[in-house]
Amino acid sequence: MNHDEEYPAQYLGDILNSVKTIAMVGASPDPSKFSYGVLRVLHETGYDMIPVNPMEAGNEIRGLKVYGRLSDIDRPVDMVEVFRSSHAAYSVTQEAIEIGAKVIWMQIGVRNDEAAKLAEDAGLKVVMNRCPKIELFRPFWKPRLNQAI
């Protein structure tokens, strides 16, 4: 995948329509933070969200148990969303591979080409410098109308 070009709509749509469980590394309990808003929207859309933040481990964000590390999560994870620095994305990607994630998604402002290569070489799909919350409202996405409100 050439990450210098626009991601094909089909590529992003396939990811967002196929993943069910998303671990958000860098989730914040502060409602004024962007990661909190993204977690809220993805959770309300019907994704099984797992907040990951070592400073909040054992607490809850929006009623969801917070884990300290990806390896602490007690169920399979489809996608790991990186709300950390571009530099930190490499170690998060290593952990995502270790837990068997299928996708590594780096939030807006996060790009690490070495991490992308590592993930792709391990068979993961990669998205960098994009926000899944924003992508949900693109024309390719079909809402999950069967979700309880």
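Predicted model: local features only at pLDDT ≥ 70, side-chain atom pairs only at ≥ 80, totals over all residues.
Residues are numbered from 1 along each chain as its sequence is written, and side-chain values use heavy atoms, with hydrogens and water left out.

Let's start with salt bridges. By that I mean a side-chain nitrogen of Lys or Arg within 4 Å of a carboxyl oxygen of Asp or Glu. The count by this rule comes to 10.

Now look at glutamate 44, which sits in helix 2, residues 34-45. Helices here are DSSP runs of H or I with at least four residues, strands are E runs of at least two, and both are numbered from the N terminus. Which residue does glutamate 44 bridge to at 3.0 Å? That's arginine 40, with 3.0 Å between the closest N and O atoms.

Buried or exposed? We call a residue buried under 20% relative accessible area, exposed over 50%, and partly exposed in between, using a 1.4 Å probe and protein chains only. Glutamate 44 is partly exposed at 48%. Arginine 40 is partly exposed at 31%, and arginine 62 is partly exposed at 31%.

Next, lysine 102 and aspartate 78 meet in a salt bridge at 3.1 Å, N to O. Lysine 102 is in the loop between helix 3 and strand 6 (103-106), and aspartate 78 is in the loop between strand 4 and strand 5 (79-82), so the pair links distant parts of the chain, 24 residues apart. Lysine 102 is exposed at 51%, whereas aspartate 78 is buried at 13%.

Last stop, the helix pair. The axes of helix 3 (residues 89-98) and helix 4 (residues 113-121) come within 8 Å and cross at roughly 10°. Those axes are lines fitted to C-alpha atoms, for helices over the stretch in contact, with angles from 0 to 180 degrees between N-to-C directions. That makes helix 3 roughly parallel to helix 4; the label covers angles under 35 degrees, with over 145 roughly antiparallel, 65 to 115 roughly perpendicular and the rest oblique.
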